[in-house]
Amino acid sequence: MIYFNNVSKKYPKDSPALEDINLTISAGEFVSLVGHSGAGKTTLIKLILAEESPTEGNVFFESTDIHSLSAKELTKLRRRIGVVFQDFKLLSNKTAYENIAFAMEASGKTDEEIKSDVPHVLDLVDLGDKIFNFPHQLSGGERQRLAIARAIINQPELIIADEPTGNLDPINTYEVVQILKKINDLGTTIILTTHNRGVIESVGKRVISLDKGRIVRDDKDGKYVI
Amino acid sequence: MFWVDVKRIMRSGITSFKRNGIVSIAAVLITTITLSVIAGLIFLNAILNSSLADIRDKVDVTIYFTSTAQESTILDLKTSLQKLPEVLAIDYVTREQALATFKERHQNDYVTLQALEEIGDNPLGASLNVKAKETSQYETVVKFLEGDSSAVKAASASIDKINYYQNKAVIDRLSVLASGAERLGFILSFIMVAISIMITFTTVRLAIFIAREEIGIMRLVGAGNRYIRGPFMMEGIIYGIAASMITMLIFYPFTYWMGNHLADFFGMNLFAYYKSNFFQIFAIVLGSGIVIGVISSWIAISRYLRK
């Protein structure tokens, strides 16, 4: 589903953020990316989302070279990917309901679909009673669950979760991981980056370790070894 | 789908206008200042035009006839003057009318009235008051009077004097002043409007700068450029509508006061002008407000929408 072909990314005046990455992620996989800060995890994710372009090499989503797409095609591609971030990236002046409705509106869903699906997905992440709260009225765990609800609402083929548990306490971390596992069980591919050893071990799936911009390990039932 | 999008964009724009509170108020107030400058210029232009029309109206050429001039000679001259394309109107003042006006003007001046009584006969001559369409055309009228057409020839013996030459310097200066004032007004308006548009543009840019992170998030969840841009444009439209209504409200008491106190000074009643031209002024102010709001938003958001 995702292919990195000899990808390098260099920022001006800095040492390379990624070097010579060759990587294949198949549909339905749950892949954890681990590594220290600055190892290149976030850069790798930004390349998939086309927020950054590679200095060398190509990144493919199925058979499409992501970085050859026009702005319009890119918008369509982004609708096939759900994203969850450490800092949640919710729309602060929209309510929980509106945050999710916005993602549905953006992908062209009808008002009827929005009206029936939004309360349902909010129930799913246990936010049924916080439907009209603004993000600043929610706790960290609730915000992350809202971000996950937004990521899954359009039934994307891929979910990218960049340090989704970084700001959460152990209980909320556990809940978020359980939700991601459930989503993966339903067939959605998941790429998760994390520092958290407990998260990796509770997921128990493929682990790719990055160090100084290079892949140093790729274990099928990996453990956190860095 | 297009109308669904339009409906959603409008709803989203209105909601974020309401939720942005202080930022929205600031943008509306700044736009109000710009629109007030524009409305102020409309009124200034009206005052200028009315003053210039007033001044132009006071300019004329009067042909004074001797007291022995025959009425038929005068009327012949009047008819031939009327044929000139430059002539707007001719007022014929008979000897009797001239005397009546003179008496009325000096009704408290007993010495003059007594002197008039002494003379016994009416010493005043008739006159023709000629108005041209433009101040610059009086020259042509006078040239005609100096020419040798038959009507002029017949009347020349009866003409006492033509006052154009006394007024010429004043007429010339007024013509220059009038066109200068119009040009200055235009340049000043242009500068004022340009400055206020720049201030409004900066404010709207600031409002959008605050939302730049949200714009990034919208892109990440797959919103197209049109869908991201739309609500901001809608907010720009609301700024324009709200500001134009506030501007019209501000000008109501303002022109009311000016109409009551300064009508003589300006030579026109601004409040009457406000009332009789309300819809035109409102249309100009509203149109300018919406155009400024939309263009500012469009330009400000474009820098965040590059791929």
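## Domains of chain B

The C-alpha centres of domain 1 and domain 2 of chain B are 53 Å apart. Domain 1 of chain B comprises 2-55 + 174-302, and domain 2 of chain B comprises 67-157; such bounds come from an automatic or database domain assignment.

## Basis of the model

This is a predicted model, in which local features need pLDDT of at least 70 and side-chain atom pairs count only at pLDDT 80 or more, while totals for chains, interfaces and linings use all residues. Residues are numbered from 1 along each chain as its sequence is written, and chains are lettered from A and ligands numbered from 1 in the order in which they are written.

## Overall form of chain A

Chain A contains seven helices and ten strands. These elements are DSSP runs numbered from the N terminus, with helices being H or I of at least four residues and strands being E of at least two. The C-alpha trace of chain A spans about 45 × 40 × 35 Å along its principal axes. Its radius of gyration is 17 Å, in agreement with the value near 17 Å for a compact globule of 226 residues; the radius is taken over C-alpha atoms, and the globule rule is 2.2 Å times the number of residues to the power 0.38.

Of the 226 residues of chain A, 42% count as buried. A residue is buried if 20 or more other C-beta atoms lie within 10 Å of its own, exposed if 12 or fewer, and partly exposed in between, with C-beta atoms placed from the backbone. Among contacts in chain A between residues at least 6 apart in sequence, 64% join residues at least 24 apart; a contact requires C-beta atoms, placed from the backbone, within 7 Å.

## The sheet of chain A

An open sheet of six strands in chain A runs in the order β6-β7-β8-β3-β9-β10, with mixed pairing. Strands pair if DSSP finds at least two bridges between them. At the edges stand β6 (81-85) and β10 (214-219) of chain A, each with a single partner strand, so one side of each has no neighbour in the sheet. From one strand to the next, the twist averages 15°.

Strands β3 (residues 30-34) and β9 (residues 207-211) of chain A pair in the parallel sense over three bridges. Ser32(A) has Val207(A) as its bridge partner in β9(A). Helix α6 (residues 170-185) of chain A packs on the sheet and touches β3, β7 (158-162) and β8 (189-194) of chain A; the direction of α6 makes about 155° with that of β8(A). Axes are lines fitted to C-alpha atoms, for helices over the stretch in contact, and angles run from 0 to 180 degrees between N-to-C directions.

In helix α1 (residues 41-48) of chain A, seven of the eight residues are buried, among them Lys41(A), Leu44(A) and Ile48(A). Ala50(A) follows α1(A) and is found in the loop between α1 and β4 (56-61) of chain A. Although Ala50(A) is not a glycine, its phi is positive, about 60°. Ala50(A) counts as buried because it has 20 C-beta neighbours inside 10 Å.

Lys89(A), also not a glycine, has a positive phi near 50°. Lys89(A) is found in the loop between β6 and α3 (96-106) of chain A, and is buried, with 21 other C-beta atoms within 10 Å.

## Contact between the chains

The contact takes 15 residues from chain B and 18 residues from chain A. On the side of chain B that touches chain A, the elements giving two or more residues are α1 (2-19), α9 (212-220) and α10 (225-261) of chain B.

Terms used:
Contact = placed C-beta atoms within 7 Å.
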